[in-house]
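Please read the points below with the sequence and the structure open beside them. They take up the ligand and then a sheet.

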Amino acid sequence: MSSFDISSVKGDLNRGQVSWEAPSNIALVKYWGKKGLQLPMNSSLSLSLSSSKTKTTLSWKKKPEGEGPSFDLLFEGKKKVQFQKKISTFLKRIEEKIPSLKDYHLQFDSENTFPHSVGIASSASSMASLALCLGSFAAYSGVEAFLGDAFYEQVSSMARLGSGSACRSIYGGWASWGPYELDEREKGSDFYATPFTKIDPLFEEMSDFILIVDSSPKKVSSTEGHALMEGHPFAEGRILQAENNMNKLVESILKGKWDIFQRVVENEALSLHSLMMSSNNPYILMHPRSLAVIEKIKEMRAKTGVNCCFTLDAGPNIHLLCPRSENAKVKRFIESDLRDLLENERWIEDSVGALGPKPLEC
Ligand code: PMV
């Protein structure tokens, strides 16, 4: 991928601004469990979406010497104290990458393009957009690692330190993260994600219907969930399963094999939730209506042969995926069979966004 064009920065090193939007992503092979500093226990593969995004503007102002760093975080124009700690930890973690940050007051203004009360996780797109802004500041101020073609790799590595899955939101389309190797030339990394581009035409245009089953805040956060993988009785098996599923999923995407794709995607979604239910402090994030929706999808598919499959994040909502050619049929099915099972009859139509993040006018 190409480097960052510093002409989109407004102002100068004393006082300036840069804005980015970054997509949300949905994992098909799930990252679940970490080691070291935000490194994944297993490989993962995701799709970046085209409509569900976060836009962030970073404004910087140089401080008088010795004052020390400070920051404000505004979400939709309002201070968000609950994100304060997460951002503060993130900024500490990236200190080494951009040492001059300690001389600045930073202000982050973020907003999502999707409604925030529907239970769609926004940490990937938020952290990715923050990291893109900070990476642009680094490139603008001449930090060597962020100059040239390594920009996106560096930003992905930085986004990972904010939220693991955010490292995949640095790219459009499909992205993988972790040790999985497609071949000798395309080695995966635990430190950053890489775009995955060898796609059969069947998977080039995919839709993602996000079915809102329950939007209440999660009772167990992803951070707690990852931690419960330490000492999990099935941890070793999970690592093997994920690598095996990566192989099968990649083969299905390369060769256009829907049946394998569907089986692996659904196996991953249900395995993620099984890992939560079988952890040492077991918990359930699915809702009874998530199960009802899954049953209806399976019934419809068995009856009609429509190519579609479901996946879930660490929450009760269902992502119903299909090639774009099946859109009309899937929409009719949601209207007729699923609508009553959804919270406020709500669903969001999204699709894979090939373009990925982009700098915005400040
Ligand atoms: O990035 P985190 O720490 O919010 O973890 C995300 C975990 C899953 O969404 C469940 C899976 C994934 O790979 O995105």
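1. A polar contact here is a pair of N or O atoms within 3.5 Å; within protein, one atom must be able to donate a hydrogen and the other to accept it, and residues adjacent in sequence count only if both atoms are side-chain atoms. On that basis, an oxygen atom of the ligand is 2.8 Å from an N or O atom in the side chain of Arg 168, and a polar side-chain atom of His 226 lies 2.9 Å from a ligand oxygen. Taken alone, the ligand exposes 390 Å², of which the protein buries 91% (accessible areas by the Shrake-Rupley method with a 1.4 Å probe).

2. This is a predicted model, in which local features need pLDDT of at least 70 and side-chain atom pairs count only at pLDDT 80 or more, while totals for chains, interfaces and linings use all residues. Residues are numbered from 1 along each chain as its sequence is written, and side-chain values use heavy atoms, with hydrogens and water left out.

3. The ligand is surrounded by 14 residues, the closest being Tyr 31, Ser 165, Arg 168, His 226 and Asp 313 (a residue is near if one of its heavy atoms lies within 4 Å). By class, this shell has five nonpolar, six polar and three charged residues.

4. Four strands form an open antiparallel sheet in the order 12-13-11-14 (strands are DSSP E runs of at least two residues, helices H or I runs of at least four, and two strands pair if DSSP finds at least two bridges between them). Strand 12 (309–312) and strand 14 (347–351) each have a single partner strand, so one side of each is left without a neighbour in the sheet.

5. Strand 11 (residues 206–211) pairs with strand 14 over five bridges in the antiparallel sense, and Ser 207 has Ser 351 of strand 14 as its bridge partner.

Conventions. Ala, Val, Leu, Ile, Met, Phe, Trp, Tyr, Cys and Pro count as nonpolar, Asp, Glu, Lys and Arg as charged, and the others, Gly among them, as polar.
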